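This report goes through some local features of one structure and then through the packing of its helices and the contact between its chains. Please have the sequence and the model open while reading.

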Amino acid sequence: MKNFREGIGATGARAFRFSILRCAFCLLTFAFSSTAYAEVTAEASLSSAQVGTGEPFQLTVQVTSDEKVDGLPWPQVQGLEKFTVAKSTGNTQSSQTSIINGKISSRAYFVTNFIYTLTAAKPGVFQVGPIHYAYKAYEKDLGSGNVTVVKQEAGLTSQPSLSKKSAFVGEQLLYNLRITPSQGVQQINLPPDLQKLIGEKFWFQRLDKNVEAKVVKVNGENVRVFDVRIVLFPLLAGKADLAGIPVDYQQASRGQRRRSGSVFDMFDDQFFSGGSVVNLTAMANPISMEVRPLPPGAPTDFTGSVGEYSLAAAADKTALATGDAMTLTVTIRGDGEPKTITKPKLPDLSQFEVFDPEVSTATAVQGSTLITTKTFKYVVVPHRKGEYNLAPVAFSYFDPAKREYAEAKSQPIAISVSQGKEVASTGNRIMSQREITDIGSDIRHIKSGSEPLQSEDDFLYKHPWFWLLFPPSPVAFAMIFLVRNRGRKLAGDATLKRKTLAGAQLKRRLKEANEALKQKNAKEFYKALSQAVVGLASDKLNVEFRGLTLEDAKVQLRKRGITEASVNEYEKVLQLCDFGQFGGGARDEKAWKESLDAAENLLRMLDREL
Amino acid sequence: MDCPAKTPGFLLRAAFPLLWLLAIASLASASASPEALKRATAAYKQANAAYEKTDYAKAAELYRNAIDESVADPRLYFNYGNCLFRLNQPGMAILYYEKARKLDPNDQDIAYNLRFVNAQIIDKNPAAESNALTRAIGFAHSAFSINQGLWTSVGLFSLIFLAAILALYAGAAFRGALIAAMVLAALALLALSPSLYFKIKEQESLQYGVVLKPAVEMFSGPGETFQVLTQVHEGTKFEIVETRGDWVSVKLANGKGGFVRLADLGKV
């Protein structure tokens with residue numbers, strides 16, 4: 001050991017001190033700094049000298065060099081065959097700055113950790129090593145060390161128990177889950193949704209918000225345990241199964257210390273440090289029980305309360321005047337399901353006005369029993385003077401111990417009511433204003449309108465035509481928008497307007513020609529035809545062709561890129577028209593039709609080319 | 001002869017009224033036959049008279065006759081629900097109140113009687129978790145029927161474009177008001193659309209059932225060999241998830257579910 005300690009370098013010493021301070025158990029730590037090869041040093045350390053079976057611990061060989069070296073070899077370690085081994089590496093970089101004689105110098109260190117995570121399955125004392133590290137000229141024995149492995153039991157046991165294996169519907173039962181943790185257990189958690197595990201056949205409530213440790217004797221030894229106490233109320237008769245409750249916990253290896261966040265407030269006083277944490281689950285065994293139905297013959301006012309109940313009633317005044325108010329307080333206390341305590345059966349209070357009570361509920365734990373106390377505060381106003389002996393207030397329940405229905409009753413209350421001042425002085429005047437209160441309640445009356453019935457399950461969306469109601473408005477908008485824009489555009493551009501309206505003008509002139517044709521008026525026919533041809537050319541080219549000689553017109557057409565065939569056709573048609581108008585041209589209908597066809601052909605050609 | 005088109009105005013004039021007329025004609029022809037309505041109305045009036053005389057059995061029979069004419073009127077379902085309640089059939093009464101509410105979600109009498117009878121049954125229907133916001137949304141969502149919503153959406157949609165058309169020609173003084181109207185109508189339509197969508201989706205894909213027998217066991221699977229999960233009682237309302245032969249997979253409002261016999265339920 002001496003030789004090893006002498007060889008500990010600066011980093012190794014720090015690691016060793018750290019180990020001593022944090023773990024309180026000494027690991028064997030070896031380190032050597034090389035003098036033969038100053039650039040590389042190696043040291044070895046173990047995280048723990050004593051571990052449990054199955055508990056992982058680490059052997060770390062740290063190699064430090066003053067320049068970055070890729071592909072450093074793994075150390076040679078003997079004695080690992082008794083362990084399960086997992087290997088990993090890690091790299092870090094650090095630098096050291098020094099000032100010597102006013103000169104600043106800086107040096108970088110590159111550290112590579114070769115980590116062996118070891119787990120022993122059997123107890124015993126095992127040697128780890130010898131450890132040897134070699135890199136190029138650097139070669140060193142890093143020594144060896146012993147690890148003591150002790151047998152370690154399972155981390156946690158959970159044992160469920162039930163106060164009764166047979167109970168009546170609604171009777172309170174205690175389910176106790178005893179958790180016995182061993183060393184290294186921390187952060188115990190119960191499943192968040194206990195209702196799913198306990199099932200829908202029970203109403204339940206945890207008795208303790210925080211579970212505290214207690215020491216019990218087991219086989220003559222003191223053992224620290226945690227009891228999770230849950231009260232159950234069976235809801236349905238028959239066989240009821242309570243599923244096993246899983247208990248999650250963390251098993252720490254020696255050395256790990258963590259603050260607990262669970263309801264099990266127990267871990268602060270334990271001493272763990274270093275090591276790793278494993279998440280584990282212990283499963284409590286399921287339990288079956290028999291739930292008996294309540295016997296027949298329940299009183300009419302029985303509302304399902306099962307257990308032991310008591311009732312007390314008291315009035316804050318026993319002597320008062322008519323019109324004055326007193327408070328009748330009824331307190332029902334019992335160990336049945338809290339929700340089953342309902343309004344008690346009040347005695348005959350026909351000479352009193354009784355207002356709806358103010359209700360408050362409180363639960364408390366007595367030993368291992370959940371006790372519910374429900375208080376009803378009635379405001380009672382006497383109407384008539386007299387001496388009243390109020391009969392006991394009663395509450396029906398089922399007593400599972402006696403196996404019979406019972407009634408919890410209060411003592412009778414004597415009330416003395418004197419004549420109030422208001423009535424005596426005001427005769428038939430209403431004593432005091434009060435809220436309109438319901439005496440009874442009923443469904444609302446039938447609808448009896450005379451309008452005929454209608455079938456209203458005929459939904460509009462099922463009819464395709466309904467959806468046609470949507471498109472017209474956007475279509476109308478789009479069309480109006482386009483028309484409006486077009487009108488605006490034409491209004492601002494005379495050339496475009498003339499060109500755009502050329503078609504309409506042409507249509508009108510051809511119509512006139514057809515009319516003339518029908519009337520056999522050759523002069524008008526040819527005139528209209530001539531105007532149609534000349535007009536289309538003028539409108540489309542925005543050049544006034546009217547008044548131009550035929551030759552000038554042809555020049556204009558050629559200038560605008562009109563084909564020679566169309567120019568010739570233009571000439572031919574206009575000559576026909578001139579001849580028809582002024583030269584006594586053909587008078588028969590066939591010739592007119594031919595002229596019309598020729599004109600239409602020309603117009604088509606011009607329309608295409610213009 | 002090819003002539004430049006000059007027809008948007010013509011198309012507009014011709015197609016617009018035609019489409020509207022066709023749509024209206026289609027809707028008009030979709031309603032129930034007048035004869036069936038007449039017979040149902042006669043039976044309904046007789047049933048009302050019998051109910052007033054507290055002859056509930058006769059009234060129930062007459063209401064049933066009216067319903068058998070395939071007439072779905074919320075008043076008819078409501079009155080029949082009242083009759084069934086008087087005849088001590090709370091499950092059936094709830095079923096018909098639910099049917100009535102589906103057709104007229106705004107009616108206060110229906111809502112009141114449904115609450116009243118629900119308070120009389122054994123099982124308290126577990127309510128889904130809610131807060132002020134979800135309650136407000138739920139209130140707005142249930143404030144109109146599907147058809148009312150659809151008509152409103154057509155109106156709002158048309159209003160948007162009508163205002164847009166008017167804004168094209170309106171002077172600067174009115175254009176702002178018209179644009180504001182358009183924006184408001186668009187926002188209203190935007191708010192209405194999701195509600196309508198979910199209503200129609202609910203109508204098409206969600207179905208509810210009401211327990212009609214005094215007590216019904218809910219199993220973990222579609223058969224009696226499965227574990228009994230709980231027992232539900234007459235009047236309890238479920239969402240029907242799916243039907244498997246004689247069994248129905250159902251879900252309560254709090255998410256709990258199981259299988260019950262189809263014969264034990266009435267579908268809303």
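## A cis peptide bond and a positive phi

P130(A) is found in strand β8 of chain A, residues 124-135. Strands here are DSSP runs of E with at least two residues, and helices are DSSP runs of H or I with at least four residues, both numbered from the N terminus. The peptide bond that joins G129(A) to P130(A) is cis, with omega about 0°. K136(A) lies in the loop between β8 and β9 (138-150) of chain A. Its phi is near 50°, a positive value in a residue other than glycine.

## How the model is read

This is a predicted model, in which local features need pLDDT of at least 70 and side-chain atom pairs count only at pLDDT 80 or more, while totals for chains, interfaces and linings use all residues. Residues are numbered from 1 along each chain as its sequence is written, chains are lettered from A and ligands numbered from 1 in the order in which they are written, and side-chain values use heavy atoms, with hydrogens and water left out.

Two packed helices are described by the angle between their axes and the distance between the axes. Axes are lines fitted to C-alpha atoms, for helices over the stretch in contact, and the angles run from 0 to 180 degrees between N-to-C directions. Angles under 35 degrees count as roughly parallel, over 145 as roughly antiparallel, 65 to 115 as roughly perpendicular and the rest as oblique. A crossing is left-handed if the near helix is turned anticlockwise from the far one by less than a right angle, and right-handed if clockwise.

Helix α3 (residues 56-68) of chain B crosses α4(B) at roughly 150°, and their axes come within 9 Å. The two helices are therefore roughly antiparallel to each other. Their crossing is left-handed. Contact means heavy atoms within 4.5 Å; among the residues of α3(B) that meet α4(B) are Y56(B), Y63(B) and I67(B), and those on the α4(B) side include L76(B), Y80(B) and R86(B). This contact has ten nonpolar, one polar and two charged residues. In this count Ala, Val, Leu, Ile, Met, Phe, Trp, Tyr, Cys and Pro are nonpolar, Asp, Glu, Lys and Arg are charged, and the others, Gly among them, are polar.

The axes of α4(B) and α5(B) are 8 Å apart, at an angle of about 165°. That makes α4(B) roughly antiparallel to α5(B). The residues of this contact divide into twelve nonpolar, two polar and one charged.

Helix α4 (residues 74-86) of chain B also packs with α6 (residues 108-118) of chain B, at about 25° and with the axes 11 Å apart. That makes α4(B) roughly parallel to α6(B). P74(B), F78(B), N82(B) and F85(B) in α4(B) meet residues of α6(B) including I110(B) and F116(B).

## Between the chains

How many residues of chain B are in contact with chain A? There are 69, and they meet 49 residues of chain A. The two chains bury about 5800 Å² between them, 68% of it on carbon and sulfur atoms; buried area is the accessible area (1.4 Å probe) that two parts lose on being put together, summed over both.

Side chains of opposite charge can pair when their charged atoms come close. A salt bridge is a side-chain nitrogen of Lys or Arg within 4 Å of a carboxyl oxygen of Asp or Glu. Five are found across the interface of chain B and chain A. R86(B) pairs with D442(A) in a salt bridge, N to O 2.9 Å. D107(B) forms a salt bridge with K447(A), with the closest N and O atoms 2.8 Å apart.
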